Amino acid sequence: MTSVLIESVTDRFPDAVSASHAYRGDQTVVVRPEFLLEIARFLKEDPALQMNLLVDVTAVDYSAFGKGPAPAFFASSGVAVKPSSQIQDEDPWPGPPEKIRFTVVYHFYSIQHKHRLRLVIPVEETEAALDSLTTLWAAADWLEREVWDMYGIRFNGHPNLKRILMYEEFEGYPLRKDYPVNKRQPLIGPVN
Amino acid sequence: MQNNPSFLTTRLDKAIGWAQKYSIFQYPFVTACCGMEYMATACSHYDVDRFGAGLPRFSPRQADVLFVVGTISHKMAPVLNRIYDQMADPKWVVAFGVCTCTGGFYDNYATVMGIDTIIPVDVYIPGCPPRPEMVLDGLMKLQDKIQDHRVNGRRSEPEPRPEVFEV
Amino acid sequence: METEQTAEKPAELEIREMMLNIGPAHPAMHGIIRLVVNLDGEQIHDADVEIGFLHRGFEKMAEEVDYNGIIPYTDRLNYVSPLINNMGYCMAVEKLLGISVPQRCHYIRVILSEISRIGDHLTCVGATAMELGAFSVFLYMIKAREFLWELVEMVTGARMTVSFCRVGGVKADLPEAFPGDCAEAFKEVRKVIAESDGLLTRNRIFVDRMDGTGIISAEDAISYGITGPFLRSTGVEYDVRKDCPYSVYDQLPFDVPVGTRGDNMDRYLVRMEEMEQSMLIVEAALRDIPPGEVLANPETGRPIPAAQMVDLAKMGEIEPISGGCAVVGPTLEGSGRAQRSSIAVDEKRVFLPPKEDAYGNIEGLMQQFKLVMLGHGLRPPEGEVYFPVEGANGELGYYVVSDGASSAYRVRVRPPCFAIMSALSMLLEGEMLADIVPTFGSVNMIGGELDR
């Protein structure tokens with residue numbers, strides 16, 4: 001099931017889009033990292049799309065996908081709930097990107113046309129860096145700082161890339177799957 | 001503590017304690033959700049002013065009770081320590097809400113598991129958030145402590161915390 | 001402004017800017033923001049906003065606990081309007097699961113969300129007024145908020161951190177006395193709003209401080225990703241309830257107030273009007289709500305007092321209670337087979353069974369076991385969804401990624417006041433020092449949501 005938004009992006013940038021889907025109605029395009037800035041500019045300035053609101057920038061670490069603790073005995077009989085008849089599920093989710101650790105996920109919204117688009121960019125672990133969108137949307141400033149703080153993904157061209165939620169002395173990137181949840185690094189007081 | 005307590009000096013100490021307990025100048029160090037219940041306790045329905053504690057001093061140098069209200073993260077901990085150091089003796093600390101008592105259910109990299117690891121605490125008011133009636137109960141316990149502080153001395157030594165807490 | 005006079009040249013004065021730290025422990029900063037401003041006299045040259053003092057690791061904790069266990073954490077995000085957060089999260093997971101709750105459940109969620117929204121606006125306007133010196137208005141609004149909290153407590157059991165919604169439904173039904181008590185409470189709230197309006201809206205001091213300060217243009221607001229009353233005060237009519245309607249908002253009549261100039265006064269007026277609109281939504285919802293089940297439904301069986309049913313079941317005597325209907329108050333957890341159809345979806349892989357079934361027959365016991373025990377649990381299909389709701393500050397979105405396990409793989413909250421706070425340093429440049437207070441007050445920064 002294709003839709004207007006995905007089609008316009010795929011037609012304009014055929015070699016940039018590696019996958020697209022509309023799982024549960026959320027139109028999503030998976031794009032190669034080099035094309036991020038061009039596609040973002042197109043989304044913002046094209047009069048048919050006019051995605052003027054950058055809703056969210058976030059990242060997901062797929063290194064532990066599907067590798068949770070082994071389900072308990074008989075747990076496999078609790079199969080995941082199938083969708084109701086109200087939501088057509090012709091478009092299955094393609095799954096996480098192959099062999100790539102992070103994806104950075106952008107959500108856009110257009111106030112005039114009232115449509116949403118999600119942009120998913122797979123990012124390698126070794127050179128985790130992307131272009132910054134601060135020249136197009138001012139919202140990208142703090143949102144990208146948070147992705148840097150929590151995941152360690154750099155944004156080239158960002159005016160002020162430093163930690164925003166954690167303190168500067170903190171070492172490590174807390175939301176990565178290999179950071180243990182209760183490893184505290186206190187500034188004062190004992191490590192409890 | 002006094003060297004040779006006599007009848008008159010203990011009565012005087014109790015009188016001073018009585019005056020101090022009904023004129024609490026609190027410094028509300030409010031960070032999180034418990035702040036909403038703190039506001040509810042301080043306002044008309046569950047008035048805390050009838051206990052004499054209704055005037056928050058927004059400077060630590062003018063306050064004698066430090067209400068630590070809401071989760072303290074590790075980024076905030078040095079600030080809390082500095083505020084505590086800036087207060088003049090005699091001073092008391094109330095840990096309001098379970099996040100300040102023991103860290104609450106935020107057992108993760110960012111939260112201080114109980115402010116008594118950083119500063120000494122007099123009264124713990126657990127609850128997430130505690131109902132205003134609980135807050136007033138804690139305040140009354142604090143008042144008992146303030147009443148007798150010149151006679152009994154300051155707070156007793158806190159028991160040592162284990163280095164690593166195994167569940 | 002510091003002057004330095006040397007003995008040789010008494011006429012030469014050096015002028016430096018003063019750097020002032022309005023630190024995290026400050027009443028007007030609502031506790032957890034550090035503003036470092038460079039001042040030239042009273043004029044601010046630039047302001048640097050530092051946040052993160054209340055970061056509590058919500059997103060990391062969400063990966064540790066199961067899907068229903070995240071609900072108490074979501075309460076504490078925007079803690080002045082906790083039900084809106086609960087509802088947003090539950091609807092995001094329901095979208096992932098592909099299920100949809102019964103109509104009455106939608107109405108219950110909408111009613112309580114709107115009551116939370118009124119509470120949020122009361123707190124915001126009250127706190128702003130207090131910081132500008134109008135202490136009585138704060139006391140009146142907190143009094144009004146207490147009436148609303150008593151309503152919420154009647155339904156959910158807690159005043160503030162309610163944990164009321166569940167994935168696939170809500171915890172309990174509305175009690176019978178709710179519409180009457182709601183009307184009483186709203187009468188009091190309307191009285192308080194009218195009183196505060198009379199005290200503030202044409203008050204010379206209030207108007208002088210709020211009018212013309214903190215102006216933001218619509219293009220700037222959109223560029224910063226600002227939504228909610230802040231954006232609506234600049235003239236852009238974007239409300240998630242109208243533009244991307246969810247739940248039953250498309251069937252309830254209400255207006256969205258929009259300002260013109262984008263200054264603090266417009267935001268105050270937008271919030272005051274939104275409170276009235278929320279009350280109209282609740283009243284319309286209470287009229288339209290589909291009726292719930294009668295407590296002891298004669299078709300499904302004879303009524304049994306709940307305590308007696310439990311005693312019999314524990315003794316193993318299933319026969320007298322099978323097919324019966326427990327008579328309990330509607331707000332009790334897992335209450336009665338009678339209320340089940342109005343508060344929860346009929347999908348047994350998602351919602352706990354009613355207690356009569358959990359005690360009474362083996363299917364109910366198995367359903368309870370499969371949902372509660374460690375290692376089993378609610379397991380959505382693999383996928384990712386984004387679901388936005390209208391929070392009190394703007395578009396509150398939940399992005400949930402699932403890998404088929406019993407706990408979420410990634411939960412991301414899109415906090416509305418994060419965007420507004422990122423614009424704060426731009427808003428404050430060029431203003432006077434005293435304008436920080438009304439501007440920051442009208443931002444309605446809630447720390448739990450900003451820092452998560």
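Me: In which sense do strand 1 and strand 2 of chain C pair?

Reply: The model is a predicted one. In it, strand 1 of chain C covers residues 18-22, and Ile22(C) stands opposite Leu35(C) in strand 2. Over 5 bridges, the sense of pairing of strand 1 and strand 2 of chain C is antiparallel.

Me: How many bridges join strand 2 of chain C to strand 3 of chain C?

Reply: Strand 3 of chain C spans residues 43-50 and runs antiparallel to strand 2. One bridge pair is Leu39(C) with Ile44(C) of strand 3. The hairpin of these strands has 2 residues between them, and Gly41(C) takes a positive phi near 70° there. The number of bridges joining strand 2 to strand 3 of chain C is 7.

Me: Why is helix 18 of chain C largely enclosed by the rest of the structure?

Reply: The buried residues of helix 18 of chain C include Ile436(C), Phe440(C) and Val443(C). They pack against several elements of chain C, among them strand 2, helix 4 (103-131) and helix 11 (264-288). Just after the helix, Asn444(C) takes a positive phi of about 50°. Helix 18 (residues 436-443) is largely enclosed because its buried residues number 8 of 8.

Me: What percentage of the residues in chain C is buried?

Reply: Chain C comprises 19 helices and 10 strands, and its C-alpha atoms fill a box of roughly 105 × 45 × 35 Å along the principal axes. Among its contacts with a separation of 6 or more, 67% are between residues 24 or more positions apart. Of the 452 residues in chain C, the buried share is 58%.

Me: Which helix of chain C gives the largest share of the side that touches chain B?

Reply: The contact takes 24 residues from chain C and 27 residues from chain B. On the side of chain C, helix 1 (58-62), helix 5 (135-156) and helix 19 (447-451) each supply at least two residues. By class, this side has 12 nonpolar, 7 polar and 5 charged residues. The largest share, 4 residues, comes from helix 5 of chain C.

Me: How many residues of the side of chain C that touches chain A are charged?

Reply: Here 51 residues of chain C are in contact with 43 residues of chain A. Elements giving two or more residues to this side of chain C include helix 3 (82-97), strand 8 (383-390) and strand 9 (395-402). The side has 21 nonpolar and 13 polar residues, and the number of charged residues is 17.

Me: In what order do the helices and strands of chain A run from the N terminus on?

Reply: Chain A has 3 helices and 7 strands. Of its 192 residues, 39% count as buried, and residues 24 or more positions apart account for 57% of its contacts with a separation of 6 or more. From the N terminus on, the order of elements in chain A is α-β-β-α-β-β-β-β-α-β.

Me: What is the order of the strands in the open sheet of chain B?

Reply: The sheet has 5 strands with parallel pairing. Strand 2 (55-56) and strand 5 (123-125) of chain B are the edge strands, each pairing on one side only. Strand 1 (residues 25-30) and strand 3 (residues 65-69) of chain B pair over 5 bridges, and the bridge partner of Pro28(B) is Phe67(B) in strand 3. The strand order in this open sheet of chain B is 2-1-3-4-5.

How values were computed:
Residues are numbered from 1 along each chain as its sequence is written. Chains are lettered from A and ligands numbered from 1 in the order in which they are written. This is a predicted model: local features need pLDDT of at least 70, side-chain atom pairs count only at pLDDT 80 or more; totals for chains, interfaces and linings use all residues. Two residues are in contact if their C-beta atoms, placed from the backbone, lie within 7 Å. Ala, Val, Leu, Ile, Met, Phe, Trp, Tyr, Cys and Pro count as nonpolar, Asp, Glu, Lys and Arg as charged, and the others, Gly among them, as polar. A residue is buried if 20 or more other C-beta atoms lie within 10 Å of its own, exposed if 12 or fewer, and partly exposed in between; C-beta atoms are placed from the backbone. Two strands pair if DSSP finds at least two bridges between them.
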